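Please examine the sequence and the structure shown below.

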Amino acid sequence: MATVSEQKLNLLQQFNETRTRTLKLVQTLEKDDFVVQTAPFMSPPKWHLGHVSWLLEVVMSKTISNYEFYSQEFSEYLNSYYHQFGEPHDKDKRGLATRPTVDQVFEYFHMITNKVANILQNDSLDEKTQQLFFMAINHECQHQELLVYDLQHLLADRYRPLTKNSAPEQLKQESQTIKINGGLYKMGYPGDQFCYDIELPEHNVYLNDYKIDTYPITNMQYMKFVDDGGYDDFKYWLSDGWDKIQNEKWNAPMYWEKIDGEWITCDFHGKRRINPNEAVCHVSYYEANAYCKWAGKRLPTEAEWEKAACWDEKNQLKTIFPWGNESPDTVHANLLESYIWSCAEVGAYPNGKSHYGCHQMIGDVWEWTSSEFSGYPGFKTGFSEYNDKWFANQKVLRGGSFGTPSISIRGSYRNFFRLDERWLFAGFRCVKDV
Ligand SMILES: [Fe+2]
């Protein structure tokens with residue numbers, strides 16, 4: 001267990017690294033890029049920069065008596081959905097505001113960085129305050145990932161990353177499914193570092209025996225569903241999903257386009273032929289669910305996913321990550337700091353496989369589960385309006401993506417999105433009952 005001063009040092013280090021990474025992500029943007037909103041579901045880069053700084057002000061307001069926010073105008077524009085701080089600015093109109101200006105937002109960003117760094121360096125922080133600042137850092141990591149989704153939508157290969165690495169080679173693939181024995185499984189975060197309120201408390205869940213895919217579903221597998229007329233047959237679809245694909249005229253994952261008889265995608269590497277061996281990405285819950293029905297399988301529950309990812313059957317213990325308790329590194333998983341800017345091929349991270357032998361459960365794509373997003377039994381809110389007001393009409397995704405900063409992911413992490421969202425880096429793997 002880390003001592004209080006070790007934790008404080010860790011806090012300052014994580015804060016500095018996170019603020020630096022935010023700036024690096026936008027370092028090569030042109031000023032015009034910061035302001036534009038290309039779809040209602042994305043936000044202009046300027047807004048992300050300001051909002052993560054504003055959330056630090058929110059934490060300061062909770063921990064410093066009579067804290068005064070920097071500016072009423074900034075607070076109104078940068079408030080995402082916190083009614084306790086006034087009426088939030090309309091999300092789909094973030095790209096219509098020319099004020100605060102890009103320069104003003106940068107000035108604000110640096111001012112807040114200095115203010116918080118001073119607090120983290122100088123003050124004796126109690127445990128609760130430290131946890132709130134850890135939360136703000138993790139919040140900024142979440143926005144770094146959202147910013148990456150948005151940069152793909154805004155710029156695709158016109159975005160110039162400071163670092164761009166090649167994906168590791170795919171190795172020979174192993175068997176396709178793994179049997180997991182059922183019984184009682186204790187799900188939730190087992191460690192002593194920061195986690196979100198929604199990962200707690202640990203609690204028992206009963207599972208039947210099941211078989212889970214060794215790899216996430218690949219583009220090649222998904223293409224068979226598409227080419228088999230999967231998007232043309234109502235029998236694979238949830239009613240809402242069928243309405244959605246009819247209304248939006250979806251016939252493949254987002255960013256896919258058929259040109260001269262060939263499926264092409266558009267991402268940070270430009271317009272390119274779909275790589276059959278990469279995990280399928282940019283599918284909604286509806287699409288993942290329809291594929292499973294077509295394949296005669298189903299999505300895992302989040303408990304099934306977590307057990308396959310983190311349970312060490314041989315030693316009868318749960319680890320924080322699929323490979324053990326060691327923090328994620330580029331040898332384990334394709335996360336943001338791998339700077340590959342797309343999925344790797346399945347099987348490319350043998351060092352990251354789980355105790356059961358499941359590959360790439362962390363990194364590459366978030367994986368849809370069939371679980372409704374709600375609080376675990378005994379849930380206690382850690383921060384009003386952050387997570388628990390979303391306990392309706394969302395599904396849980398697990399595992400992180402190639403856009404997730406490594407300090408912010410773990411086996412117990414629960415992401416959540418509405419069932420029709422697909423600009424995020426989301427895919428899935430299937431399970432089958434035995
Ligand atoms: Fe936020």
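A disulfide is a pair of cysteine sulfur atoms within 2.5 Å. The model is predicted, so that local features need pLDDT of at least 70 and side-chain atom pairs count only at pLDDT 80 or more, while totals for chains, interfaces and linings use all residues. Residues are numbered from 1 along each chain as its sequence is written, and side-chain values use heavy atoms, with hydrogens and water left out.

**Cysteines**

The structure holds zero disulfides. For Cys141, which is in no disulfide, the nearest cysteine sulfur belongs to Cys195, 15 Å away. The sulfur of Cys281 lies 4.5 Å from the closest cysteine sulfur, that of Cys343, which is too far for a bond. Burial is judged by relative accessible area: under 20% is buried, over 50% exposed, and in between partly exposed (1.4 Å probe, protein chains only). Cys141 is buried, at 1%, and Cys281 is buried, at 10%.

**Iron site**

Donors are N, O and S atoms within 2.8 Å of the metal (3.2 Å for Na, K and Ca); water is not among the atoms, so sites may look incomplete. His51, His139 and His143 each coordinate the iron ion through NE2, at 2.2 Å. The sequence spacing of these donor residues is H-x87-H-x3-H. Helices (H or I, at least four residues) and strands (E, at least two) are DSSP runs, numbered from the N terminus. His139 and His143 are four residues apart in helix H5 (residues 127–154) and are therefore separated by about one helical turn. Both His139 and His143 are buried.

**Helix packing**

Axes are lines fitted to C-alpha atoms, for helices over the stretch in contact, and angles run from 0 to 180 degrees between N-to-C directions. The axes of helix H2 (residues 45–63) and H5 come within 10 Å and cross at roughly 170 degrees. Angles under 35 degrees count as roughly parallel, over 145 as roughly antiparallel, 65 to 115 as roughly perpendicular and the rest as oblique; H2 and H5 are therefore roughly antiparallel.

**Backbone geometry**

Most residues other than glycine have a negative phi, and most peptide bonds are trans.

| Cis peptide bond | Omega |
|---|---|
| Arg99 to Pro100 | about -5 degrees |
| Leu200 to Pro201 | near -10 degrees |

Pro100 is in the loop between helix H3 (72–78) and helix H4 (102–122). Asn66 has a positive phi, near 55 degrees, and is exposed at 75% relative accessibility. Trp341 also has a positive phi, near 65 degrees, but is buried, with a relative accessible area of 4%.
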